[in-house]
Amino acid sequence: MEKKDIDWSGLGFGYVKTDKRYVSNFKNGAWDDGGLTEDADIVMNECAGVLQYAQTCFEGLKAYTTEDGRTVCFRPDLNAARMYDTAQRLEMPPFPKERFVEAVKQVVKANEAWVPPYGSGATLYLRPYMFGINPVIGVKPAEDYQFRIFATPVGPYFKGGAKPLTLCVSDFDRAAPHGTGHIKAGLNYAMSLHPIVEAHKAGFAENMYLDAATRTKVEETGGANFIFVTKDNKVVTPKSSSILPSITRRSLMYVAKEYLGLEAEEREVHFDEVKDFAECGLCGTAAVISPVGKIVDHGKEICFPSGMDEMGPVTKKLYDTLTGIQMGRLDAPEGWIVEI
Ligand code: PLP
Ligand code: COI
């Protein structure tokens with residue numbers, strides 16, 4: 001397979017139009033057979049449900065070239081399951097999980113020339129999404145939907161790659177108790193746009209959101225979960241019913257325990273204890289593991305001992321092990337790697 005002639009190492013996290021995308025339509029109560037198309041544009045009615053009441057959700061996963069030249073995806077079954085749950089919460093018809101994984105494989109195969117080469121630092125990001133497409137004017141779910149997956153080659157989500165980030169504690173809330181924080185609804189990201197623009201203007205890479213009810217507990221950022229490392233090398237991640245159940249975070253907790261022999265705990269994390277951690281990182285498909293060096297809470301700085309120059313040692317081990325599994329350098333647990 002001849003790869004596209006691209007400066008892979010120079011890619012940021014952006015959209016590049018690739019050759020093929022997958023489309024399936026839900027009409028008259030059923031999903032059609034679906035298939036690949038070259039058409040990247042979507043035509044819809046001015047009153048489409050997604051345009052009026054934001055009935056849309058999405059997923060994110062990646063395809064990799066392994067050290068021995070295979071093309072693989074990481075745990076697509078978990079994205080299929082999460083999108084199923086998201087759709088149910090948004091009164092959308094869930095896309096069948098086996099078909100989701102099958103569609104992912106079709107899109108990667110059809111865009112294999114766009115899967116960045118091993119060692120380039122880039123990957124092929126896959127964006128499954130679904131939206132209400134028929135006219136809806138009274139507030140109610142749409143009747144017709146479209147499910148799509150496109151692919152785009154990406155580099156690091158945060159500029160500067162593995163350089164530690166500085167975050168700020170947000171005055172805005174990301175998700176309410178009993179709301180939609182635990183699903184991947186487009187609306188969660190729409191409401192985070194103002195806080196992220198404000199954070200960027202003030203020189204921060206991202207927001208740390210606290211729980212909306214008490215503003216005492218750590219939730220997540222706009223696009224990633226947190227992991228912390230205690231001074232005695234225990235990995236800790238916040239437990240909350242209003243954060244997205246990150247597939248990267250779930251994988252890292254397993255890696256910490258089963259590959260690195262570390263204690264790993266998912267529990268409530270009070271903001272007051274953040275100053276006592278040795279390391280902090282953001283984890284997600286796009287973020288992979290991005291180290292955090294500093295968190296600023298209304299002028300008060302929390303500086304992690306790992307500093308502003310490189311990843312902390314435990315974060316680095318987690319990063320190396322996870323990416324080692326994804327790139328085929330390390331044996332993966334059963335079912336984590338799906339070959340295309
Ligand atoms: N939290 C939020 C709000 C996200 O958007 C994402 C990205 O998908 C994550 C966490 C990380 O989840 P995952 O590891 O499944 O990509
Ligand atoms: C992902 O990591 O896949 C996401 O959807 C997060 C988004 C901020 C790009």
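Q: How do the residues of the shell around ligand 2 divide into nonpolar, polar and charged?
A: In this predicted model the shell around ligand 2 has five nonpolar, three polar and two charged residues, where Ala, Val, Leu, Ile, Met, Phe, Trp, Tyr, Cys and Pro count as nonpolar, Asp, Glu, Lys and Arg as charged, and the others, Gly among them, as polar. As the model is predicted, local features need pLDDT of at least 70 and side-chain atom pairs count only at pLDDT 80 or more, while totals for chains, interfaces and linings use all residues. Residues are numbered from 1 along each chain as its sequence is written, chains are lettered from A and ligands numbered from 1 in the order in which they are written, and side-chain values use heavy atoms, with hydrogens and water left out.

Q: OK, and which residues are around ligand 2?
A: They are Phe13, Phe58, Gly60, Tyr125, Arg127, Tyr157, Lys184, Gly223, Thr285 and Ala286, each with a heavy atom within 4 Å of the ligand.

Q: What lies 2.8 Å from an oxygen atom of ligand 2?
A: A polar side-chain atom of Lys184 does, and so does a backbone N or O atom of Ala286. A polar backbone atom of Thr285 is 3.5 Å from an oxygen atom of the ligand; a polar contact here is a pair of N or O atoms within 3.5 Å. The protein buries 89% of the 280 Å² that ligand 2 exposes when taken alone, with areas from the Shrake-Rupley method and a 1.4 Å probe.

Q: Switching to ligand 1, which residues come nearest?
A: Of the 16 residues around ligand 1, the nearest are Tyr189, Glu220, Ser246, Thr248 and Thr285. By class, this shell holds five nonpolar, seven polar and four charged residues. Both α6 (247-258) and β14 (279-284) supply at least two of the shell residues, helices (H or I, at least four residues) and strands (E, at least two) being DSSP runs numbered from the N terminus.

Q: Which side chain has an N or O atom 2.6 Å from an oxygen atom of ligand 1?
A: That side chain belongs to Ser246, while the side chain of Arg82 has an N or O atom 2.8 Å from an oxygen atom of this ligand.

Q: Where does ligand 2 sit?
A: Ligand 2 sits in the largest pocket, meaning that more than half of its atoms lie within 2 Å of the pocket's grid points. The space taken by ligand 1 is likewise the largest pocket.

Q: What volume has the largest pocket, and how many residues line it?
A: Its volume is about 870 Å³, and it is lined by 39 residues, among them Phe13, Tyr157, Gly222, Gly223 and Ala286, which lie nearest its centre. A pocket is an open set of points on a 1 Å grid with protein on both sides within 12 Å along at least five of seven lines, and lining residues have an atom within 4 Å of a point. With three residues, α5 gives the most to this lining, which by class has 19 nonpolar, 13 polar and seven charged residues.

Q: And how many cavities of 30 Å³ or more does a search of the whole structure find?
A: The search finds one, a cavity being a set of points where a 1.4 Å probe fits but cannot get out. The largest cavity has a volume of about 40 Å³, and β15 provides the largest share of its lining, three residues.

Key
Polar contact = N/O pair within 3.5 Å; in protein donor to acceptor, adjacent residues only side chain to side chain. Points joined across faces, edges and corners; volume = space filled by probe spheres on them.
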